[in-house]
Amino acid sequence: MARPQTIDGKIDIKSLSLSELTELLVEQGHPKFRARQVYKWVWNKGVTSFHDMTNVSKTARKQLDEAFVIDFLEPAMQLDSADGTKKFVWELRDESHIESVLIPDPGIPGHSKPRMTLCMSSQVGCAMACSFCLTGDLGFKRNLRVAEILNQALQVQQSLPEGERITNLVFMGMGEPLHNITNLIRSLEVLLDESALNFSHRKITVSTVGLVPQMARLAAATPVNLAVSLNATTNESRSQVMPITRRYPLSQLMDGCRDFPLPHAKRITFEYVMMAGFNDSWDDAARLVKLMSGVKSKVNLIPYNENPQREILRPSEDHVKAFQHFLVKRGVQTSIRTTRGIDISAACGQLGKATQGMRIEEAGIEGPTISLD
Ligand code: SF4
C-alpha cells in the first residue's frame with residue numbers, strides 16, 4: 001500500500017481505495033465488512049463526520065474518528081452564468097483557491113444526449129507556463145491531494161437538485177493533471193469504483209500539454225479518455241506558447257499519441273486554441289492534417305476567448321468554420337467548441353478572474369481545454 005495521506009496526524013480517509021481502507025481497518029481490529037460500510041457513508045452519502053454513520057457502533061465511530069479525518073473543501077464563491085454554467089471557487093486548508101466549472105448541455109434531440117460536465121482542477125497554479133493561459137502566470141504552487149481532487153466532484157454533485165447528476169468529468173481546469181499523476185491515478189481509482197463515485201471511464205477525460213512518459217503511465221493504469229492540448233503545428237511556434245515543446249517536441253508527442261493504447265471506438269482529442277494570425281493560416285491547417293495522420297484523433301477547435309491580460313485575438317467565426325471545413329474535407333474529424341459561461345469568466349481561458357478579486361494579484365485558474373465531448 002502507498003503511504004496514506006494525512007491531515008494533522010490523522011489518515012485522510014478520502015485518499016484511500018476500498019482495498020486500502022479494508023487493509024487498514026482490519027489491522028486496527030475492525031471486521032472486514034466495516035470498510036465497505038464506511039466507504040459508502042463517505043462517498044455515497046457524503047457525510048462530514050464519523051458520528052453520522054448511524055449503522056456503525058458508537059465505539060467503532062469513536063475509533064474511526066481518532067484514526068481518520070473526512071476532508072472537505074470550503075466553498076468560497078459560486079457564480080452562475082445566464083447559460084446555466086456554474087463556477088465553484090473553493091478555499092483549501094492552506095488558504096489557496098481552486099475552481100471547478102459545471103457545464104450543463106441539454107443535448108440535441110436525435111443527435112446528442114443531455115450532459116452535465118464538470119471541469120476539475122488538479123494543481124494550485126501550474127508549472128507549464130503556457131503563454132496564453134492565466135494560470136501559467138501563477139507558476140506552480142502545489143499538487144492537489146487526492147481528497148482535494150475528488151471533493152470537487154463529490155461536493156458539486158451534492159449541490160445539485162435531486163435527480164440531477166454529473167455525467168462527464170474533464171481534468172482541464174487549473175494545473176497539468178499528468179504533472180500530478182500519482183494523485184490523479186489514485187483519484188481516478190475512486191472515481192471509477194462503483195462503491196464510491198461510480199463514473200464510467202468513457203465519461204472521464206484527462207487533458208495534457210503532452211507529458212509523453214506520463215501519458216504511457218496513465219494508459220497503463222486506467223482506460224480514461226485522453227485530450228492533448230496542441231495549439232500549434234511547428235516546434236518553433238508551439239515552443240513560443242507552450243514551453244513544454246522544448247522537452248517533448250511534436251514528433252515525440254505524436255509518436256506517444258500513436259502508441260497510446262485506445263479501445264476500438266476511442267480517439268484522442270486534440271485541443272487547438274485558435275489565435276488569429278498565430279496558428280490559423282492555411283499552412284497551419286495543412287500541417288495539422290499531416291500531424292493527425294495515423295492517429296485515431298478528433299480535433300476540437302477553440303476560438304480564443306479574448307481578455308484584457310493578453311493581446312491575443314480571436315479569429316472570426318467564418319474563418320474558424322472555414323478552417324474546420326478544410327480539416328474535415330481531408331478526413332480529420334473536427335468540432336468547434338461552443339463558448340460557455342463567458343459572463344461569469346468561466347469560459348476557456350477566462351478562469352481565475354473570480355479568484356483574482358479574492359487574492360488580488362495572485363490567483364488565476366484557467367481551463368483552455370474544457371471539452372464538451
Ligand atoms: S494551459 Fe493548462 S498546462 Fe498550460 S499553463 Fe494553463 S493550466 Fe497549465
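This is a predicted model: local features need pLDDT of at least 70, side-chain atom pairs count only at pLDDT 80 or more; totals for chains, interfaces and linings use all residues.
**Conventions.** I count residues from 1 along each chain as its sequence is written.

**Overall fold.** I looked up the secondary structure first. The protein chain has 12 helices and 15 strands; these are DSSP runs numbered from the N terminus, helices being H or I of at least four residues and strands E of at least two. The radius of gyration, taken over C-alpha atoms, is 21 Å, close to the 21 Å of the globule rule for 373 residues, so the chain is as compact as a globular protein of that length. The rule is 2.2 Å times the number of residues to the power 0.38. I noted a C-alpha trace spanning about 70 × 45 × 45 Å along its principal axes.

**Domains.** The assignment, automatic or from a database, gives domain 1 (6-69) and domain 2 (74-359). Their centres, taken over C-alpha atoms, are 33 Å apart. I found 10 residues of domain 1 in contact with 13 residues of domain 2, contact meaning C-beta atoms, placed from the backbone, within 7 Å. Helix 2 (residues 33-43) gives the most to the domain 1 side, with four residues. That side has three nonpolar, three polar and four charged residues. Here Ala, Val, Leu, Ile, Met, Phe, Trp, Tyr, Cys and Pro count as nonpolar, Asp, Glu, Lys and Arg as charged, and the others, Gly among them, as polar.

Strands pair if DSSP finds at least two bridges between them. I read an open, mixed sheet in the order 1-2-3. Strand 1 (6-7) and strand 3 (68-69) are its edges, each with a single partner strand, so one side of each is left without a neighbour in the sheet. Strand 2 (residues 10-12) pairs with strand 3 in the parallel sense over two bridges, and Ile 11 has Phe 68 as its bridge partner in strand 3.

**Sheet of 10 strands.** This open sheet, also of mixed pairing, runs 4-5-6-7-10-11-12-13-14-15.

**Ligand shell.** Of the 13 residues around the ligand, I list Cys 126, Met 128, Cys 130, Cys 133 and Gly 136 as nearest; a residue is near if its C-beta atom, placed from the backbone, lies within 6 Å. The shell divides into eight nonpolar, three polar and two charged residues.

How values were computed. Two residues are in contact if their C-beta atoms, placed from the backbone, lie within 7 Å.
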